[in-house]
Structures are given as C-alpha cells and as structure tokens.
Amino acid sequence: MDILKLVLQSKNLDETQRFYQERLGFKLLFRNMNQVGFQVGSSELVFKKASEGSSPQYHFAFLIPIQSIELAIQWLNDRGVKMLISDSGPIVCFENWKAKSVYFKDDQGNILEVICRMDLQNEIIGDFSTQNIMCINEIGIVTDYPLEMAEKIIADSGINYFPKGPKDSDFLALGEESGLLVISKEGRNWYPTQIPSTPCGLSFEIKVGDKTTWFELNR
C-alpha cells in the first residue's frame, strides 16, 4: 500500500508552512488563504485551515532508509527539532515490526515519527537530508470503533490487516511495510506521550495494487 496524499487541518497555516518548509525543508507545492501543500518524498502533505475554535491533533510517520535512524536524530537536532523521549530513550525499537522510530512534534503539537523498516532493505546513500524522507508511511486514525472502521476501509480499498499486527479492539494496523493505517480507539494515548487520541477531520488517498481510493473521515 502506498500513501499518495494526506490532508489534515492546522490552526495556523503560517506557522505550519514555516515548520515544514523552512525547518524540515520540504518542497512547497502551493499556498493560498485556506491551504498549504508540501512534497514529502513520493507523498503529498496538505494542511487546510481549521475552523475557528477547533484544535485538531494528529499522528503520522515518515519513512526513512534502514540504518539511518541515528543520522535522522542528528538531522532533527541540527534543525532545532526537540524529540520525544520514551522509556528506552529517543530511539524506539519495535521488535515485532522490525522497525526503529524517533518521535517529535510539529508546530501544532501533532505527533510525528520517522521510521525505518528493516524488511524494506532501502539503504541510505551519503549524508542524511530531507531528500532521504521517502514518503508518508503511517496515518493515525481515531474512532470509537476501530474494528468497524477497519472493515469499512478494507471493503472500500482492498487493503488488509498488517500481517505483523496488532489487531486489537482498541488499536490495529492495516496495510504493509510501504504504508500503514493505524487505527486507535478514542482516548487511547498516542505513544510515547500521555496525549489521548481524539477524532479529527482528515482525508487521504491510498493505492493498493492498481486501485486508488480516496477517504474522508471524521468530517
């Protein structure tokens, strides 16, 4: 599964543009009064202006090459991005997924992640830079009924449950190494924080095989 496009909401598009374009270095695709868009590897990341009084918050992840997690930490440090520290330190190892991650927040408090997946065998060449961020690799989705949401997405797109799990009533994953949808029950904390997940409006386009599907959730 490939994540082609992700559309989220931001309370402050100016701050969001500064963070993603100037701090992280993503290419600006467009900017108008109501939206700002960036190229993130093979994916497109778009933020729409949030409605007055709302405070949307999201979790999503960027894919980086294997053996580059320490280089990504240095890259984030060089750009003045403060990492979120877990019980094991800045690097979180997911043994079942054969993956390593580093978490941090953006300008709006969204919980971001860079993740390398050993089974993809996509090694880094040269120094780490923005160009080594390959795509949006995970999208966090929040609902009262994760299993019901998963079955609807499966029926509409042809995606399946992630073979490495989990598949629980409060948290599960759909997709494959190249792209995952992680579905959380409302109120479950986003790892590695104590911030409870809340449903917020988001849209995304995914490709499974030759089929492309557009979703609009929590409108």
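**A walk through the predicted model**

Q: Where does Glu138 lie?
A: Glu138 lies in strand S10, residues 135-143. Helices (H or I, at least four residues) and strands (E, at least two) are DSSP runs, numbered from the N terminus.

Q: What kind of model is this, and how are residues numbered?
A: This is a predicted model, where local features need pLDDT of at least 70, side-chain atom pairs count only at pLDDT 80 or more, and totals for chains, interfaces and linings use all residues. Residues are numbered from 1 along each chain as its sequence is written, and side-chain values use heavy atoms, with hydrogens and water left out.

Q: Back to Glu138. Buried or exposed?
A: Glu138 is buried, at 3% relative accessible area. Buried means under 20%, exposed means over 50%, and partly exposed is in between (1.4 Å probe, protein chains only).

Q: Which side chain makes a polar contact with that of Glu138?
A: The side chain of Arg117 does, at 2.8 Å. A polar contact is a pair of N or O atoms within 3.5 Å. Within protein, one atom must be able to donate a hydrogen and the other to accept it, and residues adjacent in sequence count only if both atoms are side-chain atoms.

Q: Which residues does Glu138 touch?
A: Skipping residues up to four places away in sequence, its contacts include Ile3, His59, Trp97, Glu113 and Leu180. Contact means heavy atoms within 4.5 Å.

Q: What about Ser101? Which side chain does it make a polar contact with?
A: The side chain of Glu113, at 2.6 Å. Ser101 is in strand S8. Ser101 is buried too, with a relative accessible area of 0%. Not counting residues up to four places away, Ser101 touches Ile69, Pro90 and Phe94, among others.

Q: New topic. Which residues of helix H2 are buried?
A: In H2, residues 69-78, they are Ile69, Ala72, Ile73, Trp75 and Leu76. Seen down the axis of H2, these buried residues fall within an arc of 165°, so they line one face of the helix. The arc is that of the directions from the helix axis to the C-beta atoms.

Q: Why do some residues of an α-helix point the same way?
A: An α-helix has 3.6 residues a turn, so residues three or four places apart point the same way.

Q: What do the buried residues of H2 pack against?
A: Three strands: S6 (83-84), S8 (99-105) and S9 (111-117). H2 is followed by Gly80, whose phi is positive, near 70°.

Q: What is the strand order in the open sheet of six strands?
A: The order is S2-S3-S4-S1-S13-S14, with mixed pairing. Strand S2 (27-31) and strand S14 (211-217) stand at the edges with a single partner strand each, so one side of each has no neighbour in the sheet. From one strand to the next, the twist averages 15°. Two strands pair if DSSP finds at least two bridges between them.

Q: In what sense do S13 and S14 pair?
A: Antiparallel, over seven bridges. Ile206 has Thr213 in S14 as its bridge partner.

Q: Which helix packs on the sheet?
A: Helix H1 (residues 13-23) packs on the sheet and touches S1 (2-10), S2, S3 (35-40) and S4 (43-49). The direction of H1 makes about 15° with that of S3. Helix H3 (residues 146-157) lies across S13 and S14, at about 145° to S14. Axes are lines fitted to C-alpha atoms, for helices over the stretch in contact, and angles run from 0 to 180 degrees between N-to-C directions.

Q: Rings next. How many aromatic pairs are there?
A: Rings of Phe, Tyr and Trp (its six-membered ring) pair if their centres lie within 6.5 Å. Planes under 30 degrees apart count as stacked, over 60 as edge-to-face and the rest as tilted. By this rule there are twelve aromatic pairs. Phe19 and Tyr20 form an edge-to-face pair, 5.1 Å centre to centre with 75° between the planes. Both Phe19 and Tyr20 are buried.

Q: What is the geometry of Phe94 and Tyr191?
A: That pair is edge-to-face, at 6.4 Å centre to centre and 65° between the planes. Phe94 lies in strand S7 (residues 92-94) and Tyr191 in the loop between S12 (179-185) and S13, so the pair ties together parts 97 residues apart in sequence. Phe94 is partly exposed at 23% relative accessibility, and Tyr191 is partly exposed at 40%.
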